[in-house]
Amino acid sequence: QLRLVESGGGLVQPGGSLRLSCAASGFTSRNYDIGWFRQAPGKEREKISCISSGGGSTEYADSVKGRFTISRDNAKKTVYLQMNSLKPEDTAVYYCAASSFYCSNYPNYWGQGTQVTVSS
């Protein structure tokens, strides 16, 4: 069983930055493709970024392109989401998820989520 734990969320003012981390433990003999998702109250879950197992491929939703950067350190079994120029509409619970297929909409494993609130 693969366990994912997100951290780094919090309260930030508009225009500010946060870096989320997604640490993997458990069955980590292989590297998984990782996606970041978010869900705001009353809205559907949105896939915002993906990174391939080796880190060579990345994708971003239009809503975050140019502001968010996904990266990974496989030696540390950790994936990061650097979020800059944050907007109030970025407020959501952010989840990382692992899958066997790149940028899958149906990952195999999910973290518990971390709250990001963008407000003045």
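The structure holds two cavities of 30 Å³ or more. It is a predicted model. Strand 9 (residues 92-99) is largely enclosed by the rest of the structure, because six of its eight residues are buried.

**Largest cavity**

- The largest cavity holds about 110 Å³ of space.
- Its lining counts 14 residues, and A24, Y32, I34, R72 and K77 are the closest to its centre.
- Strand 1, strand 3 and strand 8 are the elements that give two or more residues to this lining.
- By type, the lining of the largest cavity splits into eight nonpolar, three polar and three charged residues.

**Second largest cavity**

- About 30 Å³ of space lies in the second largest cavity.
- Its lining is made up of D33, I34, G35, F37, K47, C50, A97, S99, C103, S104 and P107.
- Strand 4 provides the largest share, four residues.
- Six lining residues of the second largest cavity are nonpolar, three are polar and two are charged.

**Pairing of strand 9**

- Strand 4 (residues 33-39) pairs with strand 9 in the antiparallel sense, over seven bridges.
- In this pairing, D33 stands opposite S99 of strand 9. D33 and S99 both line the second largest cavity.
- Strand 11 (residues 114-118) is also antiparallel to strand 9, with three bridges between them. Here Y94 stands opposite T114.
- Strand 10 (residues 109-110) runs antiparallel to strand 9 and is joined to it by two bridges.
- A97 has W110 of strand 10 as its bridge partner. A97 also belongs to the lining of the second largest cavity.

**Largest nonpolar core**

- This core has 26 residues, of which W36, F68, L81, M83 and Y94 touch the most other members.
- At least two core residues come from each of strand 1 (2-7), strand 3 (18-26), strand 4, strand 5 (46-51), strand 7 (68-73), strand 8 (78-83), strand 9 and strand 11.
- Which residues does L81 contact, leaving aside its neighbours within four places in sequence? They are L18, R19, L20, W36, I48, S49, F68, T69, I70 and Y94.
- W36, F68 and Y94, among these contacts of L81, are also listed with L81 as core residues that touch the most other members.

Note on methods
Residues numbered from 1 in each chain as written. Predicted model: local features only at pLDDT ≥ 70, side-chain atom pairs only at ≥ 80, totals over all residues. Heavy atoms only, no water. Buried < 20%, exposed > 50% of the residue type's maximum accessible area, 1.4 Å probe, protein only. Pairing = 2+ DSSP bridges. Core = buried A, V, L, I, M, F, W, Y, C linked by side-chain atoms within 4.5 Å. Contact = heavy atoms within 4.5 Å. 1 Å grid on protein atoms, 1.4 Å probe; cavity = no way out; pocket = protein on both sides within 12 Å on 5 of 7 lines; lining within 4 Å. Points joined across faces, edges and corners; volume = space filled by probe spheres on them. Nonpolar A, V, L, I, M, F, W, Y, C, P; charged D, E, K, R; others polar.
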